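Have a look at the sequence and the 3D view, then read on.

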Amino acid sequence: MFGKRSTSGVAEQAPVVQTPAPAAQSAPAAPAQEKKKADKPAPAAPPKASKGKKTEEYYDVKTQIFGALIDTIDLSQLARMDTDQAREEIRDIVNDIITVKNVVMSISEQEELLDDICNDVLGYGPLEPLLARDDIADIMVNGANTTFIEVDGKVVETDVRFRDNLQLLNICQRIVSQVGRRVDEASPICDARLPDGSRVNVIAPPLAIDGCSLTIRKFKKDKLTLDQLVNFGSITPEGATILQIIGRVRCNVIISGGTGSGKTTLLNCLTRYIDSDERIITCEDSAELQLQQPHVVRLETRPPNLEGEGTVTMTDLVKNCLRMRPERIIVGEVRGPEVFDLLQAMNTGHDGSMGTIHSNSPRECLKRMESMIAMGGFNLPARTVREIICGSVDIIVQASRLRDGSRRITHITEVLGMEGDVVITQDLFLYEMMGEDANGKVAGRHRSTGIGRPAFWDRARYFNEDQRLAAALDAAEVDEPLNN
């Protein structure tokens with residue numbers, strides 16, 4: 001036990017917690033026995049904290065016990081223990097404090113209180129139960145008293161709440177400090193990540209009026225594969241085969257989609273089909289990609305320091321990685337002028353490079369790339385910019401989040417070239433919505449558009465994937481016309 005314990009008698013078995021002695025114990029007179037009964041402190045009210053929403057009484061009792069715990073434990077000893085040992089030690093001390101303070105509660109209530117306090121000391125407090133669930137896609141904390149989660153594509157409110165806004169801010173600071181970043185009044189906006197790669201955004205007061213706003217985009221513990229996306233209905237087996245071939249034969253790919261459509265998940269899936277002997281360099285704002293290949297270099301941008309200096313932008317990373325002898329460059333999310341450097345890399349011997357872009361269709365993705373190049377101050381004619389895009393990008397894969405919350409891969413589109421001043425594309429694979437079923441879920445089908453020889457056919461033949469590509473395209477054809 002590492003608590004600050006007394007060396008005498010019973011105190012060896014329980015932590016020293018300052019509690020007021022009953023007044024009647026110091027009165028020797030016999031008549032004072034009646035007063036003793038009256039003055040004896042009543043047992044503390046049990047916290048009403050079962051599976052429902054926790055009450056104010058629960059948080060009052062928890063605050064008292066937490067304060068006594070902090071006064072009792074030796075934090076320097078705690079820091080030297082692993083998580084399991086520290087959790088058991090804290091549980092022992094909290095049990096002692098509950099006994100000394102004469103708190104009456106059921107076994108289930110006590111277990112819940114123990115878990116809450118352990119999470120506060122060692123983890124992320126009330127967020128821990130949500131982070132442990134693998135069915136949650138997003139956690140959205142809007143101040144200390146309101147927390148929403150996304151499950152199965154639907155946003156629902158939870159009973160999770162924080163003690164106050166200060167506790168929420170402390171947990172946010174604990175999260176971002178693990179990746180060398182900070183959030184406070186001087187720097188109230190921060191992007192960070194959890195150890196498992198889950199994306200974190202924090203915006204603190206005074207910008208967030210009702211207390212810190214914390215958003216966590218959770219990653220599943222078991223990384224999704226294309227086979228699992230097939231099981232979920234996001235793509236058909238034939239479409240998954242086409243994507244595997246695209247990843248294998250070193251096509252330059254842009255994954256397009258709206259927020260929450262599954263772009264990063266799909267990018268992770270595609271990278272599984274990169275050969276293990278290739279050198280891959282990833283550039284991200286916050287490191288989320290988890291590639292399985294042995295030769296991966298992961299780069300991450302850096303925000304400015306307290307003096308406003310030391311910023312490292314995505315453009316800086318993409319330019320630098322060109323000097324690192326990459327075979328493939330993967331940009332987690334293209335948001336600005338770095339798209340120009342990525343396109344240059346795709347067109348100068350780094351075949352098979354990939355990135356994601358926020359847009360709602362393949363055609364809009366092309367326009368977004370033009371806009372981002374213009375944002376960088378490149379004074380180039382529009383036709384030249386489009387020629388650069390056409391010479392660099394081979395495939396655009398569109399991911400969409402439908403109105404029922406499901407995610408679908410809706411387009412696999414080739415970029416063919418220019419016809420006049422217009423970029424020419426052709427769809428290889430489409431998702432066609434056909435209505436909804438009895439449960440309100442969107443019904444639809446994936447289908448090939450009937451193109452037998454895609455533009456990357458010669459590349460597929462070079463990698464001995466042409467026969468598999470032809471079989472997948474043939475199997476995905478349907479007899480009925482589109483939009484029937």
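## A word to start with

Before we talk about packing, here's what contact means: heavy atoms of two residues lie within 4.5 Å. Also keep in mind that what you see is a predicted model.

## The big picture

The protein chain has 484 residues, and 47% of them are buried. It's built with 16 helices and 15 strands. Its accessible surface comes to about 23700 Å², and carbon and sulfur atoms account for 49% of that.

Now think about contacts between residues at least 6 apart in sequence: 58% of them join residues at least 24 apart.

## A helix tucked inside

How many of the 9 residues of helix H12 (residues 338–346) are buried? The count is 8, so H12 is largely enclosed by the rest of the structure. The buried ones are Glu338, Val339, Phe340, Asp341, Leu342, Leu343, Ala345 and Met346.

And what do these buried residues pack against? On the strand side there are S7 (253–257), S10 (328–331) and S11 (354–358). The helices are H11 (314–321), H13 (362–375) and H14 (382–392).

## A loop residue out in the open

Follow the chain to the loop between S11 and H13, and you'll find asparagine 360. Is asparagine 360 buried or exposed? Its relative accessibility is 57%, and the cut-off for exposed is over 50%, so asparagine 360 counts as exposed.

Leaving out residues up to four places away in sequence, asparagine 360 still touches Ser256, Gly258 and Gln398. Serine 400 is 40 residues away along the chain, yet its C-alpha atom is separated from that of asparagine 360 by 7.6 Å.

## A histidine on a strand

Histidine 411 sits in strand S13 (residues 407–419). With a relative accessible area of 22%, histidine 411 is partly exposed, because that label covers values between the 20% limit for buried and the 50% limit for exposed.

Which residues does histidine 411 touch, not counting those up to four places away in sequence? They are Pro362, Ile396, Val397, Gln398, Asp427, Phe429 and Leu430. Histidine 411 and serine 361 are 50 residues apart in sequence, but their C-alpha atoms are 8.2 Å apart in space.

Last stop: Asp82, Asp84, Glu88 and Asp92 form a negative surface patch. One of these, aspartate 92, lies in helix H4 (residues 83–100). Aspartate 92 has a relative accessible area of 34%, so it's partly exposed.

Methods. Residues are numbered from 1 along each chain as its sequence is written. This is a predicted model: local features need pLDDT of at least 70, side-chain atom pairs count only at pLDDT 80 or more; totals for chains, interfaces and linings use all residues. Side-chain values use heavy atoms; hydrogens and water are left out. Patches are made of residues with over 30% relative accessible area and no salt bridge: like charges are joined within 9 Å, nonpolar side chains (Val, Leu, Ile, Met, Phe, Trp, Tyr) within 5 Å. Accessible areas come from the Shrake-Rupley method with a 1.4 Å probe; for residues, only the protein chains shown count as cover. A salt bridge is a side-chain nitrogen of Lys or Arg within 4 Å of a carboxyl oxygen of Asp or Glu. Lys and Arg count as positive and Asp and Glu as negative; His and the chain ends are not counted. The place of a charge is taken as NZ of Lys, CZ of Arg, CG of Asp or CD of Glu. Helices (H or I, at least four residues) and strands (E, at least two) are DSSP runs, numbered from the N terminus. Buried means under 20% relative accessible area, exposed over 50%, partly exposed in between (1.4 Å probe, protein chains only).
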